[in-house]
Amino acid sequence: MTFQPQYAPVVPAPQWSAPPMQQQPTQVVSVVTTTQSPYTWTTGVCDCCTDMETCCCGLFCFPCMQCQTASRHGWCCCLPLLDCCCIVSCVLRSSIREQHNIPGSCCDDCCKIWWCYPCVWCQMNREVKFRNRAPATTSVVTTQVTRG
């Protein structure tokens with residue numbers, strides 16, 4: 001007896017018809033950014049009357065206002081009390097400018113502080129108070145799903 005291999009009949013593979021392709025939902029993300037004027041001081045050096053609280057605090061208790069300004073900026077509140085030769089004032093003003101991208105120079109800061117010391121401190125207090133109250137940048141992200 002001889003062994004004869006048995007072959008299965010060749011059956012063609014079924015033809016699958018793929019369903020028509022459908023586009024997957026897409027996601028569109030829109031980012032809207034609004035900025036609160038980061039490139040200028042919110043008030044001028046002589047705009048003391050725009051914020052009467054700061055004006056009165058600077059007039060009646062100037063060292064308290066200085067300590068409040070330093071504290072709001074994240075510095076030690078007692079640092080302004082050590083301000084001999086206006087060094088602390090110049091460095092604080094420069095730090096506020098850099099944090100809020102306000103143009104200027106160390107020379108400009110020192111000159112303003114030298115000639116308008118109380119007014120500049122009132123301006124720094126208003127700036128720190130206003131900037132800490134409202135965020136400088138607000139981003140709104142919206143998502144929309146569309147079917148095509």
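Helix H1 passes helix H5 in a right-handed crossing, meaning that the near helix is turned clockwise from the far one by less than a right angle. This is a predicted model, where local features need pLDDT of at least 70, side-chain atom pairs count only at pLDDT 80 or more, and totals for chains, interfaces and linings use all residues. Residues are numbered from 1 along each chain as its sequence is written, and side-chain values use heavy atoms, without hydrogens or water.

H1 covers residues 52-60 and H5 residues 117-133; their axes come within 10 Å and cross at roughly 140°. Helices here are DSSP runs of H or I, at least four residues, and strands are E runs of at least two. From H1, the contact (heavy atoms within 4.5 Å) uses Glu53, Thr54 and Gly58. From H5 come Cys122, Asn125, Arg126 and Lys129. By class, that contact holds 1 nonpolar, 3 polar and 3 charged residues, with Gly counted as polar.

Next, aspartate 51. It sits in the loop between strand E1 (26-35) and H1. Is aspartate 51 buried or exposed? Aspartate 51 is buried, because its relative accessible area is 9% and the cut-off for buried is under 20% (1.4 Å probe, protein chains only). Its side chain makes a polar contact of 2.5 Å with that of threonine 54; the term needs N or O atoms within 3.5 Å, one able to donate a hydrogen and the other to accept it. Beyond four places in sequence, aspartate 51 contacts Arg126, Lys129 and Phe130.

Last, helix H2, residues 62-72. Its buried residues are Phe62, Met65, Gln66, Cys67, Thr69 and Ala70, and their cover includes H1, helix H3 (87-99) and H5.

Note on methods
Axes are lines fitted to C-alpha atoms, for helices over the stretch in contact, and angles run from 0 to 180 degrees between N-to-C directions. Buried means under 20% relative accessible area, exposed over 50%, partly exposed in between (1.4 Å probe, protein chains only).
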